Amino acid sequence: MHTRETFFRGKEIRREGRTLPAAIYNLTKILLGRCDRKALFVPIRSMLFIAVVDHQEIIFLDGAVSRSNIELAWQNFRPQVRTSLDDPIPYEVAYYTPASLETMRRLQGEFQGALNQLKAKVSLPSSAEVIPWRTR
């Protein structure tokens, strides 16, 4: 069953550049790719937050305050600038509430933990097939 959610974005109060560890970025792409919807919902239970991952950005909602108002968003990911899959990914954080400035201090680590919990629940293929490359 699919439901439609609507989120509201307030006035941006601050924006800053950061880098996201490759492990977090890569795992979001893997889990989103295995999702049958356009967005992946990731509960961050330790903070009572919900992250919504789509192909453009990751938004964060404070579940204890309002599940429809975006507190902050990670945007403008630039994976093309890295030279290795292990390199961190540059991105920007858009802050929409004064509380989001403090939230960001914990969010990256807690988000990674929530992604790992979600990965443990999602069945990933346990084997792969290698197809031989034929030369002419």
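Rings of Phe, Tyr and Trp (the six-membered ring of Trp) are paired if their centres lie within 6.5 Å; planes under 30 degrees apart are stacked, those over 60 are edge-to-face and the rest are tilted. The model is predicted, and local features need pLDDT of at least 70, side-chain atom pairs count only at pLDDT 80 or more, while totals for chains, interfaces and linings use all residues. Residues are numbered from 1 along each chain as its sequence is written, and side-chain values use heavy atoms, with hydrogens and water left out.

**View A. The aromatic cluster.** Y25, F60, W74, F77, Y91 and F111 form one aromatic cluster. The count by the ring rule is 7 aromatic pairs.

**View B. The pair of W74 and F111.** The two rings are edge-to-face, 5.5 Å centre to centre and with 90 degrees between the planes. W74 lies in strand 6 (residues 69-75) and F111 in helix 2, 37 residues apart, so the pair links distant parts of the chain (helices, H or I of at least four residues, and strands, E of at least two, are DSSP runs numbered from the N terminus). W74 is buried because its relative accessibility is 0%, where buried means under 20% relative accessible area, exposed over 50% and partly exposed in between, with a 1.4 Å probe and protein chains only. F111 is also buried, at 0%.

**View C. The surroundings of T103.** T103 belongs to helix 2 (residues 98-121) and, at 11% relative accessibility, is buried. Beyond its neighbours within four places in sequence, T103 contacts M47, F49, E71 and L72 (heavy atoms within 4.5 Å).
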